[in-house]
Amino acid sequence: MIFMNTLKYLQTHEYLLDVDLWRLFANLEELSQTSFGFVNSLFHIFKDYVDTSETLPSLDFISVLTKYFQGSLCQSHQTYCLNYSAAVFYLESLRQRGDFGIYLKWCEDDEQCRRLHLPELLVAPLHRLTRYPLLLKSIWKRSTDSTEKIMIYSIKEKVEKSIWDLEGKVKWLDNFQKCRHLQEIIAWPPLWDRDKRFFIPECLKHVFKEHMAENILSATNRHLLYEGKLTLAESTRFLDVFLFLFDDFLLVTKTKRNKKKLGGSDPGLMCPSLIPELQTVIKEGGSCMVLNQPIPLGRLVVRGLDPLHMSVFGLRNSFLIQHENSYRQCIAAFLLQAQTENIKKTWIAQLTAAISCFTKSQETKKMSIFTLPAESSEI
């Protein structure tokens with residue numbers, strides 16, 4: 001609150017006006033008020049019990065627990081936690097500025113901050129949310145009324161479910177934001193640029209542009225499983241490539257330098273979960289150009305190579321991926337080289353696991369289609 005209120009004060013005096021309060025602190029004010037209300041109510045119960053200990057047989061927690069845990073307490077935490085990772089990344093981008101650094105230093109010198117820095121304070125609400133089930137469990141253990149114990153246990157389960165739901169939302173939001181940013185930096189070359197064998201007259205190119213693949217990453221149910229930088233061995237050169245492994249296809253891209261920067265002017269707009277290599281590409285104004293069509297995992301074959309033969313050709317830590325068509329004919333092959341043997345093994349393991357999961361999901365879908373419904377006893 002010291003950091004947030006100080007920033008508000010500075011902005012009323014026209015300093016740091018471009019710093020977005022919500023991106024840094026989200027609903028911190030609402031969360032603080034709700035948390036304080038809960039703690040205050042809890043201590044009132046203790047006080048009433050101490051003041052009238054001769055007449056009250058036990059502490060009455062139910063009214064307070066029901067009011068806050070079935071009310072706004074968990075919801076306020078969820079809103080804050082969903083913004084947390086983006087807030088930390090935004091903070092890192094702002095810390096490079098001299099004026100913002102002075103503001104941080106002034107707040108950190110406040111005695112109430114106990115020499116803690118802003119990142120250490122921003123994470124506190126996340127830790128508090130995970131401790132609520134422990135608090136409820138402790139109250140449940142010490143309760144002597146059976147009806148009260150059932151209600152407290154029910155509230156504890158609801159809070160735990162809220163935390164599990166939050167973890168799912170955070171993962172979904174992280175994947176959604178990552179795919180959205182990848183959609184902006186991944187470039188899809190038209191058919192006639194990708195392969196010179198395909199001649200398309202100018203008058204017909206508009207037909208193909210209507211079916212370009214730019215929006216292939218916009219599907220909300222598609223998940224990025226793994227990504228990384230490798231080296232592609234071509235006939236006359238080695239090419240640095242980025243591979244993106246999704247839950248249904250593999251994408252092989254190469255780095256392309258652009259004159260116009262794509263987000264490099266504002267690092268705060270980048271996705272915090274992008275790997276450092278991609279963030280560097282964006283800052284330098286680059287993009288990732290797709291080398292070939294996406295390889296469906298059902299058509300992807302991964303092959304390990306004999307290290308002895310590969311070392312003779314100067315291709316240590318190499319493996320091969322093949323793209324097969326529906327007739328099991330190889331229509332594309334990529335000889336990839338990793339920096340270390342461990343990175344190579346990790347890539348092979350990730351690819352193999354993704355292919356296995358995709359195959360199982362497809363088989364399950366087929367089984368559900370061909371499984372006949374049970375015959376009704378009324379027939």
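## The largest cavity

About 30 Å³ of space lies in the largest cavity of this predicted model. A cavity is defined on a 1 Å grid over the protein atoms alone, as a set of points where a 1.4 Å probe fits but cannot get out. Grid points are joined across faces, edges and corners, and a volume is the space filled by probe spheres set on the points. The search of the whole structure finds 1 cavity of 30 Å³ or more.

Leu82, Ser85, Val170, Leu173, Asp174 and Gln177 line the largest cavity, where a lining residue has an atom within 4 Å of a point. Two elements, α5 (73-94) and α9 (146-185), each give two or more residues to this lining, and α9 gives the most, with 4 residues. Helices (H or I, at least four residues) and strands (E, at least two) are DSSP runs, numbered from the N terminus. By class, the lining has 3 nonpolar, 2 polar and 1 charged residues; Ala, Val, Leu, Ile, Met, Phe, Trp, Tyr, Cys and Pro count as nonpolar, Asp, Glu, Lys and Arg as charged, and the others, Gly among them, as polar.

## The largest nonpolar core

The largest nonpolar core has 22 residues, of which Ile321 and Leu336 touch the most other members. Such a core is a set of buried Ala, Val, Leu, Ile, Met, Phe, Trp, Tyr and Cys residues joined through side-chain atoms within 4.5 Å. At least two core residues come from each of β2 (224-233), β3 (238-246), β4 (249-257), β8 (318-324), β9 (330-337) and α14 (341-370). The most are given by α14, with 5 residues.

Beyond four places in sequence, Ile321 has contacts (heavy atoms within 4.5 Å) that include Leu250, Val302, Phe334, Leu336 and Leu351.

## Isoleucine 2

Isoleucine 2 is found in helix α1 (residues 2-12). This residue is partly exposed, with a relative accessible area of 22%; buried means under 20%, exposed over 50% and partly exposed in between, with a 1.4 Å probe and protein chains only.

Leaving out residues up to four places away in sequence, isoleucine 2 touches Cys107, Asp110, Gln112 and Cys113. The C-alpha atoms of isoleucine 2 and cysteine 107 are separated by 6.7 Å, although the two residues are 105 residues apart along the chain.

## Confidence and conventions

The mean pLDDT (the predictor's confidence in each residue, from 0 to 100) of the protein chain is 85, and 88% of its residues reach 70 or more. Over residues 261-265, pLDDT stays under 50. Where pLDDT is low, the predicted coordinates should not be read in detail.

Residues are numbered from 1 along each chain as its sequence is written, and side-chain values use heavy atoms, with hydrogens and water left out. In this predicted model, local features need pLDDT of at least 70 and side-chain atom pairs count only at pLDDT 80 or more, while totals for chains, interfaces and linings use all residues.

Key: On a 1 Å grid over the protein atoms alone, a cavity is a set of points where a 1.4 Å probe fits but cannot get out, and a pocket is an open set with protein on both sides within 12 Å along at least five of seven lines; lining residues have an atom within 4 Å of a point.
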